[in-house]
Amino acid sequence: MNLKRKRFIKTFLLIGLVVFLGFGYFAYSIAYQSNVRLEKERAIYIKTGTGFSDLVHQLMQDDLLVREADFRLMAKVMRVANVKAGKYLIKPKMGNRALLTMFRGGLQEPVMLTFSTGRSVATLSGLMAQQLEIDSAAMVALLTNKAFLDSIGFNEFTVLGLFIPDSYQMYWNTDERKLISKLLKAYQKFWNRERIAKAKALNLSPAEISTLASIVQSESNQADEQPIIAGVYLNRLQSGIKLQADPTLVYAAGDFSMKRVLNIHKEIDSPFNTYKYAGLPPGPITLPQKQSIDAVLNYTHHDYLYFCARDDFSGYHTFASTYESHLLNARRFQAALDRRGIKN
């Protein structure tokens with residue numbers, strides 16, 4: 001009896017060990033065995049409000065999961081009921097535990113938000129909405145809300161200056177207010193003590209510097225010439241002479257395909273018409289680059305009051321200190337336009 005009993009116990013223990021090892025292997029495979037169908041890394045975007053079932057549907061629809069049942073089973077074991085929005089990087093051979101830990105914990109990959117051009121908050125909001133989860137209409141609504149703009153030190157005209165062109169690392173599901181908060185911090189970092197001191201020396205605010213920089217930038221994209229053009233406009237401001245900047249007429253007309261400014265455009269009744277109204281317009285006419293802002297802050301000292309595009313269409317300008325010299329330069333350029341058949 002003892003011998004039979006010992007054999008029974010040994011057999012029972014052996015079967016138990018096999019069952020235990022089998023269960024252990026099953027549990028291990030469910031948790032750690034690869035359950036993705038990938039040969040290289042792939043990013044997916046989980047929208048705000050996505051539930052667990054929605055996530056499974058998205059993974060299956062994108063042909064990323066090999067075994068849906070295993071994924072759901074592991075989710076129950078881990079008690080995963082909700083997932084967090086964001087951009088996630090799925091790697092080859094990822095198991096269910098790693099996937100679920102990533103989605104539940106919001107272990108997402110940051111994205112680089114990049115912008116360099118724009119003439120309005122609507123344009124910029126649309127560009128950002130292409131790179132982030134934000135709603136462009138909600139962004140525009142926020143950036144045209146007077147109370148909100150007052151709270152961050154801008155108005156409907158100057159707000160374009162808030163956006164310092166650059167690349168910003170942030171999470172894809174960053175909402176509109178957090179995005180503006182981050183951009184405001186970048187703005188404050190850019191406008192350091194040195195730049196603010198230079199602006200004060202010109203008796204201009206950062207907002208006014210940005211406005212002037214947008215005009216200088218619209219006149220020329222030649223980095224070595226921008227400080228000279230900035231010097232012309234600063235000379236005119238300090239002398240009480242109207243800026244008479246053609247790019248402001250283009251902005252006032254709203255026709256950015258315009259190649260030639262005519263006298264009729266000078267009659268447009270707009271605060272951005274610097275032929276009609278003295279001083280700076282109420283805000284930037286385009287998104288000023290860092291280079292253009294610094295060109296104004298570090299302008300070239302000279303006695304020029306006028307400039308005109310060169311008749312060789314090189315993108316550079318001819319400068320003059322007197323109106324008579326400027327007229328000669330302007331006639332040469334107008335003749336060059338006529339030869340090319342450029343009428344408007």
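How many aromatic pairs does the structure hold? The structure holds 15 of them, where rings of Phe, Tyr and Trp (its six-membered ring) pair if their centres lie within 6.5 Å, with planes under 30 degrees apart counted as stacked, over 60 as edge-to-face and the rest as tilted. The model is predicted, so local features need pLDDT of at least 70 and side-chain atom pairs count only at pLDDT 80 or more, while totals for chains, interfaces and linings use all residues. Residues are numbered from 1 along each chain as its sequence is written, and side-chain values use heavy atoms, with hydrogens and water left out.

A pair of aromatic rings is described by the distance of the centres and the angle of the planes. One of the pairs joins phenylalanine 154 and tyrosine 187, whose ring centres are 5.2 Å apart and whose planes stand at 70°, so the pair is edge-to-face. Phenylalanine 154 lies in the loop between α7 (146-152) and β4 (166-170), and tyrosine 187 in helix α8 (residues 176-190), so parts that are 33 residues apart in sequence are tied together. Helices (H or I, at least four residues) and strands (E, at least two) are DSSP runs, numbered from the N terminus. Phenylalanine 154 and tyrosine 187 are both buried, that is, under 20% relative accessible area, whereas exposed is over 50% and partly exposed is in between (1.4 Å probe, protein chains only).

Tyrosine 233 and phenylalanine 307 make another pair, with ring centres 5.6 Å apart and planes at 85°, so this pair is also edge-to-face. Here tyrosine 233 comes from helix α11 (residues 226-239) and phenylalanine 307 from strand β5 (residues 306-309), so the pair ties together parts that are 74 residues apart in sequence. Both residues, tyrosine 233 and phenylalanine 307, are buried.

Phe157, Tyr251, Phe256 and Phe272 form one aromatic cluster. Arginine 119 lies over the face of phenylalanine 256, at 3.9 Å from the ring centre. A charge sits over a ring if NZ of Lys or CZ of Arg is within 6 Å of the ring centre and within 35 degrees of the ring normal.

Turning to helix packing, the axes of α10 (residues 206-219) and α11 come within 9 Å and cross at roughly 130° (axes are lines fitted to C-alpha atoms, for helices over the stretch in contact, with angles from 0 to 180 degrees between N-to-C directions). The two helices, α10 and α11, are therefore oblique to each other; angles under 35 degrees count as roughly parallel, over 145 as roughly antiparallel, 65 to 115 as roughly perpendicular and the rest as oblique. Residues making the contact include Leu212, Ile215 and Val216 of α10 and Ile229, Tyr233 and Leu237 of α11, contact meaning heavy atoms within 4.5 Å.

Serine 210 also lies in helix α10 and, at 2% relative accessibility, counts as buried. Not counting residues up to four places away in sequence, serine 210 touches Gly161, Trp191, Pro284, Pro288 and Ile293. Threonine 174, in the loop between β4 and α8, counts as buried at 14% relative accessibility. Threonine 174 and glycine 86 are 88 residues apart in sequence and 8.5 Å apart in space, C-alpha to C-alpha.
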